[in-house]
Amino acid sequence: MGKTSDLTAVQKTIIDTLHKEGKTQKVIAKEAGCSQSSVSKHINRQAKGRKKCGRKKCTSSRDNRTLQRIVTTNPFKNVGEIHKEWTAAGVSASRTTTRRLMKDMGFRCRIPCVKPLLNKKQRKKRLAWAKDKKDWTDAEWSKVMFSDESKFCISFGNQGPRVWRKSGEAQNPRCMRSSVKFPPSVMVWGAMSSAGVGPLCFLRSRVNAAVYQEVLEHFMLPAADQLYGDADFTFQQDLAPAHSAKTTSTWFKDHGIPVLDWPANSPDLNPIENLWGIVKRRMQYARPNNAEELKMTIRATWALITPEQCHRLIESMPRRITAVIEAKGAPTKY
């Protein structure tokens, strides 16, 4: 026989139901499996209502709505800026109260997702490309060698401004940062297929057509031999100026290598972007002191990528294409 505070939700429901039916407290106690005093206290508490305890709130519902509007309007402000704007509206509250109320509203401080900057023409081309490739099988995608350049920095701590957002709002346009394509002054070139990764190339200068063709000659061809042997494959690259140059196109024709047509500003369609993310996450606690140590760390981390990881990423291509079609060409979560 427990106290009224020990009553379960089921017992309380039984007591309320039988009490409404006019049963005596003795009968109710027997049915609910508790003491008669517990039944009596529960019924009296329901009848009188329980007074609220604790310190009185210093803000009204109107004040809270004002705070939510401030955060929603500009989610990239920090707590200090939000608190200053809120108090300027006539609200008397501490910075700690501001942060607590934002948390109670469901806002969390997160690193914003980055989306590529796409115009209407590019979205239309992405959608057309996705519809054209929607019936490709895993076997067809496994014949594609994906490539990309990525920039690695000695310090991985500075990830830019943060954003206040609620759960499930990671892909909300107002909570994302717009990005443009990587500049040509990238540092690392790499390639992957469903069979694994190829050798890395560390770029020392601005990537023009001539430099890029040297990369293809000395790194892409060895990667193809390593990943495909004598089998046929299709090469994937984005539309960077060095990649789409006429001399580069001639180089591919002279070597008999087909190139996959690719929509502009579409890193979400390229699985090697996820591979770069895996490498950078594994390196987040590394503290190289100079460029040479950074290169060693990148090489060591890249060497840990398994064929199974690459195969899983290649298998995601049909899902990526479906997501682009559903988004009507807009950027997706990938």
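Lys-328 is not a glycine, yet its phi is positive at about 60°. I noted Lys-328 as exposed because its relative accessibility is 65%, with buried meaning under 20% relative accessible area, exposed over 50% and partly exposed in between (1.4 Å probe, protein chains only).

This is a predicted model, in which local features need pLDDT of at least 70 and side-chain atom pairs count only at pLDDT 80 or more, while totals for chains, interfaces and linings use all residues. Residues are numbered from 1 along each chain as its sequence is written, and side-chain values use heavy atoms, with hydrogens and water left out.

I then turned to Asn-265, which also has a positive phi, near 50°, in a residue other than glycine. Asn-265 lies in the loop between helix H11 (246–255) and H12, and I recorded Asn-265 as buried because its relative accessible area is 16%.

Which residues touch the most other members of the largest nonpolar core? Of its 30 residues, these are Trp-129, Trp-141, Met-192 and Leu-275, a nonpolar core being a set of buried Ala, Val, Leu, Ile, Met, Phe, Trp, Tyr and Cys residues joined through side-chain atoms within 4.5 Å. Among the elements that give two or more residues to this core are helix H7 (120–133), strand E3 (144–150) and helix H12 (271–282). H12 provides the largest share, five residues.

Last, I checked Arg-108, which sits in strand E1 (residues 108–110) and counts as partly exposed because its relative accessibility is 31%.

Definitions and conventions
Helices (H or I, at least four residues) and strands (E, at least two) are DSSP runs, numbered from the N terminus.
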